[in-house]
Amino acid sequence: LYLSRAFKLQPTSARVLNKIASIYITRNDLETALKLLKSAVKLVNLPTIKAETYYLLGRIYHQKQDYESAFENYYSAKRNAPELVPALFGVGQMYIQKGEIKSAIKNFESVIKNDPKNNESLFILGSLNALLFRKESKIEYREIAINYLQKVLKNNPSNEEALIELAQLLELIDPSSAL
């Protein structure tokens, strides 16, 4: 009701189009949302609103499993608003999808810089560093992974996945802690 009124008053407002598109994304009407966002991206000048538009486009392409287009849009969002945590998170997910683990780590570190208690990103950083440790056998990756996973558990002591990942890392160096 209110967004409809806003649209009638400002049919060329990228901000209004973004909000309406977001609702269509939630309803899984991706084609309607895509149409609205493609219009919005042509109309917007403010970097923060443009970033939101690109982020929403990235979400749509991500849901459609068009990972290259998702990456391009998430990255455009990041370029327009380097502190936009959801866009940074999306870029990180796409780096994982591409198998570019070190780039994903760098990106999720940016998420943590902007949102230090983002538990999902802390867990991902722990898991990615654990993966690198298993691949490259570099102790520093294990230590970094342990540090991130301990932060996750400090924020959420009952995080089962973090407990398991941490136990697997500790079983080689401190079996009694692993149990």
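Modeller: This is a predicted model. The chain has eleven helices and zero strands. Read along the sequence, the pattern is α-α-α-α-α-α-α-α-α-α-α. Along the principal axes, the C-alpha atoms fill a box of roughly 65 × 30 × 25 Å.

Two packed helices are described by the angle between their axes and the distance between the axes. Take H6 and H7 on those terms. H6 covers residues 85–98, and H7 covers residues 101–114. The two pack at an angle of about 165°, with their axes 8 Å apart. Angles over 145 degrees count as roughly antiparallel, so H6 is roughly antiparallel to H7. The crossing of H6 with H7 is left-handed.

Now the side of H6 in this contact. H6 contributes Val85, Leu88, Phe89, Val91, Gly92, Gln93, Tyr95 and Ile96. From H7 come Ser103, Ala104, Asn107, Phe108, Ser110, Val111 and Asn114. By class, the H6 and H7 contact has nine nonpolar and six polar residues.

In H6, Tyr95 belongs to the contact with H7. Ring pairs also link Tyr95 with Phe71 and Tyr75 into a cluster. A search of the whole structure finds four aromatic pairs. Residue 98 is where H6 ends, as H6 runs over residues 85–98.

Next, H9 and H10. H9 spans residues 139–155, and H10 spans residues 160–170. Their packing angle is about 150°, and their axes lie 10 Å apart. H9 and H10 are therefore roughly antiparallel to each other. Their crossing is left-handed.

Which residues meet here? On H9 these are Arg142, Ala145, Ile146, Leu149, Gln150, Val152 and Leu153. On H10 they are Ala162, Leu163, Glu165, Leu166, Leu169 and Leu170. By class, this contact has ten nonpolar, one polar and two charged residues.

H6 and H7 have their axes 8 Å apart, while the axes of H9 and H10 are 10 Å apart.

Key: Residues are numbered from 1 along each chain as its sequence is written. This is a predicted model: local features need pLDDT of at least 70, side-chain atom pairs count only at pLDDT 80 or more; totals for chains, interfaces and linings use all residues. Side-chain values use heavy atoms; hydrogens and water are left out. Axes are lines fitted to C-alpha atoms, for helices over the stretch in contact, and angles run from 0 to 180 degrees between N-to-C directions. Helices (H or I, at least four residues) and strands (E, at least two) are DSSP runs, numbered from the N terminus. Angles under 35 degrees count as roughly parallel, over 145 as roughly antiparallel, 65 to 115 as roughly perpendicular and the rest as oblique. A crossing is left-handed if the near helix is turned anticlockwise from the far one by less than a right angle, and right-handed if clockwise. Contact means heavy atoms within 4.5 Å. Ala, Val, Leu, Ile, Met, Phe, Trp, Tyr, Cys and Pro count as nonpolar, Asp, Glu, Lys and Arg as charged, and the others, Gly among them, as polar. Rings of Phe, Tyr and Trp (its six-membered ring) pair if their centres lie within 6.5 Å; planes under 30 degrees apart count as stacked, over 60 as edge-to-face and the rest as tilted.
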